[in-house]
Amino acid sequence: MLVTSLYERPALTVAIRGSVDEASDREGLKHKKLESLLRQEKWSSLGKKERAATPVDTLTLSEAETPELLKSVFKTAWSKGMAELIPGSPQASEATKEGVKPETFEEMESWLLARIDVTSDDLGQLAARRAAQVRDYILGTERVEAARVFLSESAPANAPSGTR
């Protein structure tokens, strides 16, 4: 409908700004960061030639291998701290290890997720990626010129305030 409206009104421009739901997106990003740690762990276990030929992002994780990868990531985080896995995270301390050491994979996953930090910058990047996907979709229809579709940060300074 938006594409049709833009197509039928050639003087209309649109500025796109992505958004996030802080609570649900924060949890989703934590899970994505944990998955990235698991991929990194799997990649590290590959031989040197395989690592050279395989980008980390292309690795798939099977349900069968996830528990062992999770256990390995947890062991590193428990003994050395999250900073060993995620630069910028707090170093290991006795406070990090308070309570009973998790035994099950579900407990390990929960323990790790509770310690993965999602910053406002992470949320901002997610919003920007969403806006870019909408722009790319609109432009991909080839019915609207690129000069009429902006990300909110790149809207022209001389665009009228009602132009959206």
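At what angle do α4 and α5 pack, and how far apart are their axes? The views below take up this pair, then a loop residue.

This is a predicted model, in which local features need pLDDT of at least 70, side-chain atom pairs count only at pLDDT 80 or more, and totals for chains, interfaces and linings use all residues. Residues are numbered from 1 along each chain as its sequence is written, and side-chain values use heavy atoms, without hydrogens or water.

**View 1. Helix α4 and α5 pack at about 50 degrees, with axes 10 Å apart.** Axes are lines fitted to C-alpha atoms, for helices over the stretch in contact, and angles run from 0 to 180 degrees between N-to-C directions.

**View 2. Helix α4 spans residues 66-80.** Helices are DSSP runs of H or I, at least four residues, numbered from the N terminus. Buried residues (under 20% relative accessible area, 1.4 Å probe, protein chains only) are Leu69, Leu70, Val73, Phe74, Ala77 and Trp78. They fall within an arc of 165 degrees, so they line one face of the helix. The arc uses directions from the helix axis to the C-beta atoms. Glycine 81 follows α4, with a positive phi near 100 degrees.

**View 3. Valine 144 sits in the loop between α6 and β2.** Its relative accessibility is 6%, so valine 144 counts as buried. Beyond neighbours within four places in sequence, its contacts (heavy atoms within 4.5 Å) include Val3, Leu6 and Tyr7.

Definitions and conventions. Helices (H or I, at least four residues) and strands (E, at least two) are DSSP runs, numbered from the N terminus. The expected span of a helix is 1.5 Å times one less than its number of residues. Buried means under 20% relative accessible area, exposed over 50%, partly exposed in between (1.4 Å probe, protein chains only).
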